[in-house]
Amino acid sequence: MDHLDQLEQQSVYILREAYKHFERLCMLWSIGKDSTVLLWLARKAFFGHVPFPLVHIDTSFKLPEMIQYRDRLALEYKLQMVVGQNKEALAAKTTYPDTQHLPDGDPNKVTRVQCCAQLKSGALRGTLHGTLPRMRMNLKTGQYDPDPDTEPYTGVIVGARADEEGSRSKERYFSPRDKNNAWDVGDQPPEFWNQFKTDFAAGTHVRIHPLLDWTELNIWEYIQRESIPTVSLYYDQGSGTRYRSLGCGPCQAPIDSTAKNVEDILVELKSGKLRNVAERAGRLQDGKHGLEELRRDGYM
Amino acid sequence: MNFTDDSKREQYQIVIVGHVDHGKSTLVGRLLADTNSLPDGKLEAVRRECLRTDKPFEYAFLLDALSDEQDQGITIDTARVFFKTQARDYIIIDAPGHIEFLKNMISGAARAEAAVLVIDAKEGVRENSRRHGYILSMLGIRQVVVCVNKMDLVNFDAKVFNQIETEYRAFLGEIGAVSPERFIPISGMQGDNLATRSAKMPWYDGPILLEMLDNFQKAPPKVDRPMRMPVQAVYKFTNQGDDRRIISGRIDAGRVKVGDKVVFTPSNKTAHIKSIEGFNTAPRTEIEAGWSTGFTLTEELYITRGQLMSHVERAPLVSTRLRANVIWLGHKPFDPQRDYKLKLHTAAVPVRIHKINKVIDASEAHSQLAKERVDRHDVADLVLETQTPVAFDTVGDNEATGRFVIVDGYEIAGGGIIVSAEEEERDELRFEARMRDFHWVQGGVSANQRAQRHGHRAGLVMFVGGAEAPKHQYARALEKALFDGGRNAYMLDGTNILLGIDADLHFVDATQRELVRRFTEVAFLLLDAGTLVISTTNAIGLADYGDVQALLGDATTIIIDVDPDGKSTAPCDLRIQGNEPEAEVIAKVVDLLGKRQITQV
Ligand SMILES: Nc1nc2c(ncn2[C@@H]2O[C@H](COP(=O)(O)OP(=O)(O)O)[C@@H](O)[C@H]2O)c(=O)[nH]1
């Protein structure tokens with residue numbers, strides 16, 4: 001058993017525990033490499049099936065390749081694909097891209113962090129609680145119909161890794177959130193061995209983190225080993241740039257890299273070329289404490 | 001954070017524990033800096049930030065990723081930090097020392113393979129130095145190194161170091177905890193004896209911290225032990241067009257092959273492995289410890305989560321009484337008058353304290369407390385009693401199936417290890433059941449086929465209560481109602497067994513246990529025939545239920561206590577007074593049968 005096997009087996013164990021203990025379970029799928037590995041692990045855990053819905057929050061500013069890829073995989077894997085969106089904020093145009101042209105200091109100018117708070121954390125909260133409309137893919141037509149299910153989810157599987165960000169390294173595999181999605185970092189339940197917190201009062205919900213022990217390199221090694229399909233945006237298509245982490249078009253800068261496939265990315269990661277560049281460096285909303293605040297607010 | 005690790009390299013999880021302010025975070029920060037494991041510029045950035053805010057620089061700041069943590073100035077949770085040496089990659093879990101955060105320290109330590117315990121040379125052994133030492137031992141962490149830190153504050157004096165080592169080893173010996181492998185004098189702040197050997201302590205010629213860590217060995221693989229796999233779930237994704245019925249779980253120890261005969265304990269059901277299932281993996285005919293896998297069986301068994309799969313020859317222990325060491329973290333004390341939930345591998349059953357042998361305040365030297373309950377942060381040696389039998393091993397035989405947590409309400413309130421199975425009066429009955437079940441000659445019709453034909457599984461509904469309680473009339477009415485509803489129901493009246501099977505036992509000198517044994521074996525045969533058995537007997541009461549259960553394994557039973565006086569408090573599924581209309585009682589039982597999935601095939 002090598003190290004990747006060990007990581008895989010622990011993640012599978014955690015996924016099965018989650019499925020056992022939460023009737024209202026879903027998995028967040030950002031389309032990025034981490035949550036796509038998570039989706040693959042779910043198929044491992046459940047012998048080719050994914051017995052719970054996948055939830056994607058569509059800010060409407062995602063790069064088009066991401067949406068095409070999402071829908072292709074949803075059809076191919078027969079996923080219960082649920083999409084949520086903050087339509088109100090989009091209609092009101094209170095977003096960063098919509099207000100960028102305004103002069104600095106204009107009260108209507110929306111910052112990147114405020115934009116994330118609406119289109120991501122806000123939309124996520126509403127979608128999980130069922131207070132925002134959900135759309136569900138009809139596997140026969142490939143179209144999205146209104147989801148008749150508006151019940152809240154109580155267990156949410158998330159692809160967070162401990163090596164990504166300082167604050168993530170404080171997570172548990174099973175981490176309760178209160179009614180407002182808030183995360184009480186100071187008072188977390190104990191995790192003895194492989195016994196997780198699986199009993200909870202009505203109103204709380206639990207975030208489940210099967211990838212906590214994985215590193216960025218592990219993720220790519222696993223993608224290679226299992227031949228997991230990934231979005232083309234991760235690879236240089238001839239421009240000498242590629243995305244290292246995927247977000248919204250207006251807030252996501254590609255990095256300089258000529259890695260054209262998984263092998264190249266692995267060479268790049270191991271060579272130490274990216275060593276001094278934080279993984280989310282291309283994400284422009286992450287200034288000091290920005291991410292931390294978003295996380296407390298429920299952002300992944 | 002570094003990205004130069006590699007999946008072929010060994011990964012090793014260590015935990016850093018010790019009393020607050022003794023220098024854990026400093027030690028970790030310094031290790032990161034000295035092994036070149038920080039992103040470039042991080043150290044300088046923190047130094048600059050300190051200058052700007054006019055705070056003295058601390059290595060500990062490197063770890064303080066969380067804003068509120070910086071505000072409070074104490075490490076509040078188990079951060080995971082990566083660093084590497086020539087030998088391997090380390091995940092350090094920086095466990096906090098503040099007493100309030102003991103549960104976080106445990107979460108960190110429970111995942112670790114080795115531990116570094118930090119003691120301040122100037123302050124000496126303190127409350128949490130002791131408590132953490134005990135907990136490491138209880139958690140089963142055998143590779144422990146003690147760093148006597150801040151040697152710079154005591155002039156790098158060998159005497160101070162030796163004195164702390166002697167005192168600390170004596171304390172652990174006294175409370176029966178495992179003594180650490182080695183003590184190392186260090187200064188976290190100045191980097192002495194962490195990554196480089198200190199010139200200031202020529203009197204110390206043992207390994208320095210990094211050498212010590214690199215020398216720790218991975219626990220040997222558990223493949224050569226008796227096979228154990230707690231059943232995590234049984235999957236059947238029929239609506240996806242998949243008819244496989246897959247018994248899933250993670251193998252904790254040993255190995256198993258296609259064709260092997262396995263037993264599920266405590267149900268004692270046996271079957272043969274038909275296939276090993278997986279997704280996107282090469283087909284396998286054999287699999288071993290560490291894998292989260294799944295099996296199909298040649299015989300169709302009704303198996304549920306919490307059963308422990310093993311080979312027949314080396315089956316686990318079964319009991320309702322466990323001798324255990326427990327650390328309690330609940331806000332409310334662990335109270336012998338109350339029921340809790342025991343989670344042991346994948347089993348979850350109601351549990352109660354049967355007996356407290358002793359309670360130890362692990363923070364004090366010489367500290368045995370005479371107590372009737374276990375308070376927050378106490379450690380206790382006690383006997384637990386579960387409501388239904390569980391399968392397990394002693395922690396010495398197999399850790400994963402010898403450890404448990406106790407849940408109070410919604411919270412994990414304690415954790416512990418099983419030291420031994422308590423001898424029980426029922427051990428003989430249990431042995432009888434095992435021998436019977438292991439060697440049972442199967443007919444050509446499976447339980448599942450019978451269930452399909454009958455439209456329900458087998459089950460036992462027991463009416464119990466004193467001789468004056470109107471049990472018989474309810475049992476009769478229930479049998480009739482179920483039969484009319486198309487069920488294969490049969491009323492087993494205890495009197496009929498006394499008349500025939502027990503005719504050789506002179507009623508007066510017959511032991512109660514033998515009466516119960518015979519009654520239960522008769523019921524067992526009827527259950528094997530797929531019948532819904534409704535029993536009513538004066539001779540066998542609630543007090544005998546443990547014996548009945550020992551013989552029946554995991555057969556579904558529903559107990560109805562008919563109690564006109566309203567005095568009975570023992571656990572049962574339904575308690576009635578005896579004046580309720582029959583139809584009402586029948587409706588309740590039918591509901592229970594549905595809930596227990598007897599009438600849902
Ligand atoms: N003189 C001296 N001070 C130290 C040393 N290690 C830690 N300290 C100081 O002890 C205090 C507590 O250290 P910290 O690492 O935060 O302790 P923790 O609570 O165990 O994580 C800080 O002020 C450190 O600067 C050492 O080796 N020598």
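Residues are classed here as nonpolar (Ala, Val, Leu, Ile, Met, Phe, Trp, Tyr, Cys and Pro), charged (Asp, Glu, Lys and Arg) or polar (the others, Gly among them). By this scheme, the shell around the ligand has 3 nonpolar, 8 polar and 5 charged residues. The model is predicted, so that local features need pLDDT of at least 70 and side-chain atom pairs count only at pLDDT 80 or more, whereas totals for chains, interfaces and linings use all residues. Residues are numbered from 1 along each chain as its sequence is written, chains are lettered from A and ligands numbered from 1 in the order in which they are written, and side-chain values use heavy atoms, with hydrogens and water left out.

The ligand is surrounded by 16 residues, each with a heavy atom within 4 Å of it; B:K24, B:S25, B:T26, B:E58 and B:D152 are the closest. Helix 1 (residues 24-34) of chain B contributes the largest share of this shell, 3 residues; helices (H or I, at least four residues) and strands (E, at least two) are DSSP runs numbered from the N terminus. Polar contacts are pairs of N or O atoms within 3.5 Å. An oxygen atom of the ligand lies 2.8 Å from a polar backbone atom of B:D21. The ligand taken alone exposes 580 Å², of which the protein buries 84% (Shrake-Rupley method, 1.4 Å probe).

Chain A contains 9 helices and 10 strands. Of its 300 residues, 61% are buried, that is, under 20% relative accessible area with a 1.4 Å probe and protein chains only.

In chain B, B:I406 belongs to strand 20 (residues 403-408) and counts as buried because its relative accessibility is 0%. Beyond four places in sequence, the contacts of B:I406 include B:W328, B:F334, B:Y340 and B:L384, where contact denotes heavy atoms within 4.5 Å. The C-alpha atoms of B:I406 and B:M189 are separated by 40 Å, the two residues being 217 apart along the chain.

Technical notes: Buried means under 20% relative accessible area, exposed over 50%, partly exposed in between (1.4 Å probe, protein chains only). A polar contact is a pair of N or O atoms within 3.5 Å; within protein, one must be able to donate a hydrogen and the other to accept it, and residues adjacent in sequence count only if both atoms are side-chain atoms.
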